[in-house]
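Visitor: I would like a close look at one part of this model, with the cut-offs stated.

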Amino acid sequence: LDNPVYYIQYGHARISSMRRLADERGLNFTEGDVSLLTHSTEMDLIRTMLRLPEILEIVVRTLAPHHLAHYAMELASAFHRFYADCRVVSEDPELSKARLKLVEATRIVLSKTLGLMGMTSPERM
């Protein structure tokens with residue numbers, strides 16, 4: 001995509017769509033067992049999310065907000081790779097709940113990152 005903001009916001013909107021699907025199917029992701037998450041792109045996504053505090057510290061210490069924009073792109077890319085590799089809502093309800101828990105965490109981090117940059121977190125695109 002040519003517009004990085006759109007790419008990041010699209011990740012948020014895609015997650016919102018998955019949440020709607022999960023609600024329709026009665027899947028409660030709060031019960032998800034994250035120990036079921038073992039795929040390499042799941043692990044990459046988790047590691048990327050865990051870097052947010054470090055990125056914020058760098059931004060504040062160096063007064064260089066571009067680090068947050070680069071991180072947001074990295075997070076959106078990690079999410080989109082995960083989405084391409086792993087079916088979130090599948091025939092396996094337990095794995096679906098675990099992956100939904102992961103995407104909800106991703107939604108929160110994407111939303112916070114977008115908010116810090118003064119951008120919206122759309123539910124649909």
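Visitor: Is Gln9 buried or exposed, and what is its relative accessible area?

Guide: Gln9 is buried, with a relative accessible area of 12%; buried means under 20%, exposed over 50%, and partly exposed in between, using a 1.4 Å probe and protein chains only. The model is a predicted one, in which local features need pLDDT of at least 70 and side-chain atom pairs count only at pLDDT 80 or more, whereas totals for chains, interfaces and linings use all residues. Residues are numbered from 1 along each chain as its sequence is written, and side-chain values use heavy atoms, with hydrogens and water left out.

Gln9 lies in helix H1, where helices are DSSP runs of H or I with at least four residues, strands are runs of E with at least two, and both are numbered from the N terminus. Setting aside neighbours within four places in sequence, Gln9 is in contact with Leu114, Met119, Thr120, Pro122 and Met125; contact means heavy atoms within 4.5 Å. With Thr120 there is also a polar contact: a polar atom of the Gln9 side chain lies 3.0 Å from the backbone oxygen of Thr120. A polar contact is a pair of N or O atoms within 3.5 Å; within protein, one must be able to donate a hydrogen and the other to accept it, and residues adjacent in sequence count only if both atoms are side-chain atoms. By C-alpha atoms, Gln9 and Pro53 are 20 Å apart in space and 44 residues apart in sequence.

Now the helix itself. H1 has 21 residues, which at 1.5 Å a residue should span 30 Å, and its end C-alpha atoms are 31 Å apart, in agreement; the expected span is 1.5 Å times one less than the number of residues. At the N-terminal end, Asn3 caps H1, with a side-chain oxygen 2.9 Å from the backbone nitrogen of Val5. After H1 comes Gly26, whose phi is positive, near 70 degrees. The buried residues of H1 are Tyr7, Ile8, Gln9, Gly11, His12, Ala13, Ile15, Ser16, Met18 and Ala22. H4 and H5 are among what covers them.

A search of the whole structure finds three aromatic pairs. One of them, Tyr6 with Tyr10, is stacked, at 6.1 Å centre to centre with 15 degrees between the planes. Rings of Phe, Tyr and Trp (its six-membered ring) pair if their centres lie within 6.5 Å; planes under 30 degrees apart count as stacked, over 60 as edge-to-face and the rest as tilted. Tyr6 and Tyr10 are four residues apart in H1, about one turn of the helix. An α-helix has 3.6 residues a turn, so residues three or four places apart point the same way. Tyr6 is partly exposed at 36% relative accessible area, and Tyr10 is partly exposed at 29%.

Leu100 touches residues including Met18 and Ala22, both on the list of buried H1 residues. Phe82 belongs to an aromatic cluster with Phe79 and Tyr83, and both Phe79 and Phe82 are buried.

The structure holds seven salt bridges, each a side-chain nitrogen of Lys or Arg within 4 Å of a carboxyl oxygen of Asp or Glu. Arg99 and Glu42 meet in one of them, at 2.6 Å from N to O. Arg99 lies in H5 and Glu42 in H2, so this pair ties together parts that are 57 residues apart in sequence. Arg99 and Glu42 are both buried.
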